Amino acid sequence: MNVLLISTNRNCLPMAVMPMGACLIAEAAEQAGHRVHLLDLMFAERTHLPVETAIAEYHPDVIALSVRNIDNNGMQQPEFYLNDLQTVVDLIRTRTQVPIILGGAALGVMPEAILRLTNVSCAVVGDGTRVFPVLLERLSRGEGYADVPGVALIHNGKFRSNPTLPSDIPAICQVPDYRRWLDIRAYRSRLATVPLQTKTGCEFRCVYCTYPGIEGHTCNLKDPGSVADAVMRLSASGFHEIEIVDSVFNAPLDHALNVCTALARVGSKARIQCLELNPRYVTDELMCSMAEAGFTGIGITLESAADAVLEGLNKGFSSHEVHRAAEVVSRHRIPCAWIFLFGGPGETRETVRETLHFAQTRIRPGDIAFFNTGIRIYPGTHLETIARRQGILKCSEQEMLFPKFYVSPEVEAGWIEQELKQAMTSHLNFIDMGSLSLPFLPKIHRIGAGLGLRPPLWRYTRLIRRTLRMAGMDV
């Protein structure tokens with residue numbers, strides 16, 4: 001079959017993200033004997049022309065749309081991406097009547113709502129590299145696919161989602177041939193990194209998180225040697241800026257240490273970063289191992305430095321471990337981004353001040369602190385239960401497709417924003433969601449790339465904010 005796979009994500013803020021999943025799906029379909037063309041819309045000024053051209057040139061028998069995000073998770077400046085998806089679907093239907101299949105991370109979060117919105121044939125909600133080839137085989141034979149494991153659809157008005165059959169998930173770290181599928185020069189000009197996973201799944205149970213629903217609660221660890229081999233292959237191909245995109249890299253800790261040891265052993269020239277570390281497992285041994293492995297930037301996802309909020313979010317660590325992680329980081333040279341989320345269950349004015357005090361006193365001036373206010377509520381999460389119990393959320397599950405946010409009833413969002421703005425005024429290494437939504441940020445990336453700067457660009461936050469302020473901008 002002729003398969004047209006379209007990566008629909010066009011969000012370049014804070015930076016363009018290479019569609020690893022879509023590339024892996026393309027290669028899986030090709031290995032199953034199909035002819036595949038991947039259309040990446042990341043840098044398309046308008047979607048109409050490239051979509052129309054691809055349909056006219058490749059005469060697809062099936063079109064698959066990869067959908068990364070539903071929205072930007074920003075309460076202050078919300079952006080709903082599925083209107084663009086609907087536009088693409090409507091355009092396709094004016095040109096062809098072939099089956100349209102949806103897939104991607106967004107479908108793992110709210111498959112029924114997205115299917116009802118777009119009214120397409122079906123969606124892949126299981127492991128796409130396994131499910132999509134089976135679905136294509138059924139379609140090529142003209143057979144039904146309602147019973148295919150890992151497929152979701154609306155049948156006679158009722159939503160149906162088939163569980164994926166259990167199987168041995170390979171422990172090999174998969175890396176697609178990005179050069180075959182993407183405009184690498186365009187991504188490099190925007191300081192994009194190459195994504196890579198050392199595991200799938202997440203063992204934690206944060207009240208707001210949808211990740212376990214996408215990849216499961218069980219961690220499927222990739223062989224450390226295969227991770228190192230993948231990094232070597234990428235580096236040999238000229239991809240030196242690599243980002244590990246696990247839900248949490250350093251849990252289990254022994255696996256992270258083994259990955260670092262394998263990376264140090266092969267001695268690649270890659271510059272590696274990871275923005276998802278759990279403070280409970282931030283140790284001196286880990287920091288030393290990451291430095292030897294070639295890590296040039298890390299991020300620690302705290303959400304809060306106050307015990308009441310950490311407990312309300314079910315983070316699985318305490319403020320004591322938060323402060324201990326700061327002590328560990330202070331003894332090492334790897335740049336660190338600290339990530340906070342205001343407004344969770346248990347948040348009060350006192351806990352907001354406690355978190356800001358931690359950021360002001362424990363975070364090194366050369367590191368950064370990123371703050372967001374308000375938590376996106378997704379169906380099936382414990383946060384939805386909390387929000388409904390507190391009377392914050394009253395809409396139906398279908399209506400939750402459009403962003404709904406939680407802020408603790410014990411504190412006002414406007415007050416949080418005022419406190420944060422005041423802190424940002426005196427701390428140039430503090431940024432918020434508005435900082436990541438600046439429309440000229442992609443231009444800054446291109447200028448940085450032209451000047452020879454290397455990711456992570458957030459290392460230059462103080463310089464960038466100071467420069468923009470000198471230009472008269474209130475950032």
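In what order do the seven strands of the open sheet lie?

Modeller: The model is predicted, so local features are reported only at pLDDT of at least 70 and side-chain atom pairs only at pLDDT 80 or more, while totals for chains, interfaces and linings use all residues. Numbering starts from 1 along each chain as its sequence is written, and side-chain values rest on heavy atoms, with hydrogens and water left out.

The order is β2-β1-β3-β4-β5-β6-β7, with mixed pairing. Strands (E, at least two residues) and helices (H or I, at least four) are DSSP runs numbered from the N terminus, and two strands pair if DSSP finds at least two bridges between them. At the edges stand β2 (35-40) and β7 (158-161), each of which pairs on one side only. On average, neighbouring strands of the sheet are turned by 20 degrees against each other, direction ignored; axes here are lines fitted to C-alpha atoms, for helices over the stretch in contact, and angles run from 0 to 180 degrees between N-to-C directions.

Within the sheet, β3 (residues 62-66) and β4 (residues 100-103) run parallel and are joined by four bridges. L65 has L102 of β4 opposite. Helix α1 packs on the sheet and touches β1 (2-7), β2 and β3, with its direction at about 165 degrees to that of β2. Helix α3 (residues 82-95) also packs on the sheet, touching β1, β3 and β4, and its direction makes about 170 degrees with that of β3. Touching, like contact below, means heavy atoms within 4.5 Å.

N2 belongs to strand β1. Its side chain makes a polar contact with the side chain of R35 at 2.5 Å. Such a contact is a pair of N or O atoms within 3.5 Å; within protein, one atom must be able to donate a hydrogen and the other to accept it, and residues adjacent in sequence count only if both atoms are side-chain atoms. A polar atom of the N2 side chain also lies 3.4 Å from the backbone oxygen of H59. Apart from neighbours within four places in sequence, N2 is in contact with R35, Y58, H59, P60, D61 and V62.

H59 itself sits in the loop between α2 (48-58) and β3. Most residues other than glycine have a negative phi. In H59, however, phi is positive, near 45 degrees. This residue is exposed, with a relative accessible area of 56%; exposed means over 50%, buried under 20% and partly exposed in between, computed with a 1.4 Å probe on protein chains only. L191, in the loop between α8 (184-188) and β8 (194-196), likewise has a positive phi, about 60 degrees, but L191 is buried at 6%.

Beyond four places in sequence, the contacts of L196 include M20, C173, V175 and V227.

Nine are found in the whole structure. Rings of Phe, Tyr and Trp (its six-membered ring) pair if their centres lie within 6.5 Å, and planes under 30 degrees apart count as stacked, over 60 as edge-to-face and the rest as tilted. F43 and Y187 form an edge-to-face pair, 4.7 Å centre to centre with 70 degrees between the planes. Because F43 lies in the loop between β2 and α2 and Y187 in helix α8, this pair ties together parts 144 residues apart in sequence. F43 is partly exposed at 25%, whereas Y187 is buried at 1%. F249 and F295 form a tilted pair, with centres 5.6 Å apart and planes at 40 degrees. Both partners are buried: F249 at 0% and F295 at 5%.
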